[in-house]
Amino acid sequence: MSYGFFANTTCTPGALNEFLDMVEQTLLKAGVSRSQAYDQLERKHKIEVLDSSAMLQDHSDHIEWFNPDTNTAISRPLNWHFWAHYRGWLSAKKNWSKGIVDNIDQEASKVLAELEDPHRPGIWDCRGMVVGSVQSGKTANYTGVI
């Protein structure tokens, strides 16, 4: 059924959930949980991450400290210990494609570039907000930033 649904629909996390809403009763009768079905569908279909992110920015007191193109700090070394573990977990345990994991890396790097360097001396203030559709990858990207 999913092949027919995704023949004319881009397979995104939101579309996967839409499909699961449609077949929910069939899943229950078959004794398959929603999370099991989601995992199976992720493996069967190429999931696309639509590049629709946008940022509102106020650079009035911002000091550049991070280059998102190279994933390096401008004036000091960074240890990506936790990112390496998260990337490995997404790939090995969640079976996410390299393209999706690379997209999370790129988007998280763009956000880091907008934040202030946690080592910046003095008083400064930086805030942000994440808005997106249900199951669109907000938590995965936010975790990548962390």
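Colleague: Where in the chain does Asn 71 lie?

Modeller: In this predicted model, Asn 71 lies in the loop that runs between strand β1 (66-67) and strand β2 (72-73).

Colleague: Turning to helix α6, is Ser 109 buried or exposed?

Modeller: Ser 109, which lies in helix α6, has a relative accessible area of 4% and is therefore buried. Once neighbours within four places in sequence are left aside, Ser 109 is in contact with Phe 66, Pro 68 and Asn 71, and this list brings us back to the residue in the loop between β1 and β2. Glu 107 also lies in helix α6, and at 12% relative accessibility Glu 107 counts as buried.

Colleague: How many helices and how many strands does the chain have, and what pattern do they follow along the sequence?

Modeller: The chain has seven helices and two strands, and when read along the sequence their pattern is α-α-α-α-β-β-α-α-α. Along its principal axes, the C-alpha trace spans about 60 × 30 × 25 Å. Of the 146 residues, 30% count as buried. Among contacts with a separation of 6 or more, 58% are between residues 24 or more positions apart.

Colleague: Which residues make up the largest nonpolar core?

Modeller: The general idea is that nonpolar side chains in soluble globular proteins tend to be buried together. In this model the largest nonpolar core has 12 residues in all, among them Phe 5, Phe 6, Cys 11, Phe 19, Leu 20, Leu 27, Tyr 38 and Leu 41. Helices α2 (13-22) and α4 each supply at least two residues of this core, and the largest share, four residues, comes from α2. Leu 20, one of the core residues, is in contact with Leu 27, Arg 34, Ala 37, Tyr 38 and Leu 41, leaving aside its neighbours within four places in sequence. Apart from this core lies another, of eight residues, including Leu 90, Ile 100, Val 101 and Ile 104.

Colleague: Which residues lie nearest the centre of the second largest pocket?

Modeller: The second largest pocket holds about 480 Å³ of space, and of the 22 residues that line this pocket, Tyr 38, Trp 96, Gln 135, Gly 137 and Ala 140 lie nearest the centre. The elements that each give two or more residues to its lining are α4 (34-44), α5 (81-92), α6 (98-114) and α7 (138-145), and α7 provides the largest share, five residues. By class, the lining has 11 nonpolar, seven polar and four charged residues. Tyr 38, one of the residues nearest the pocket centre, is also a member of the largest nonpolar core.

Colleague: Which residues are in contact with Gln 135, leaving aside its neighbours within four places in sequence?

Modeller: They are Pro 13, Gly 14, Asn 17 and Tyr 38. The C-alpha atoms of Gln 135 and Asn 17 are separated by 7.6 Å, although the two residues are 118 residues apart along the chain. Gln 135 lies in the loop between α6 and α7, and at 42% relative accessibility Gln 135 counts as partly exposed.

Conventions. Residues numbered from 1 in each chain as written. Predicted model: local features only at pLDDT ≥ 70, side-chain atom pairs only at ≥ 80, totals over all residues. Heavy atoms only, no water. 1 Å grid on protein atoms, 1.4 Å probe; cavity = no way out; pocket = protein on both sides within 12 Å on 5 of 7 lines; lining within 4 Å. Points joined across faces, edges and corners; volume = space filled by probe spheres on them. Nonpolar A, V, L, I, M, F, W, Y, C, P; charged D, E, K, R; others polar. Core = buried A, V, L, I, M, F, W, Y, C linked by side-chain atoms within 4.5 Å. Buried < 20%, exposed > 50% of the residue type's maximum accessible area, 1.4 Å probe, protein only. Contact = heavy atoms within 4.5 Å.
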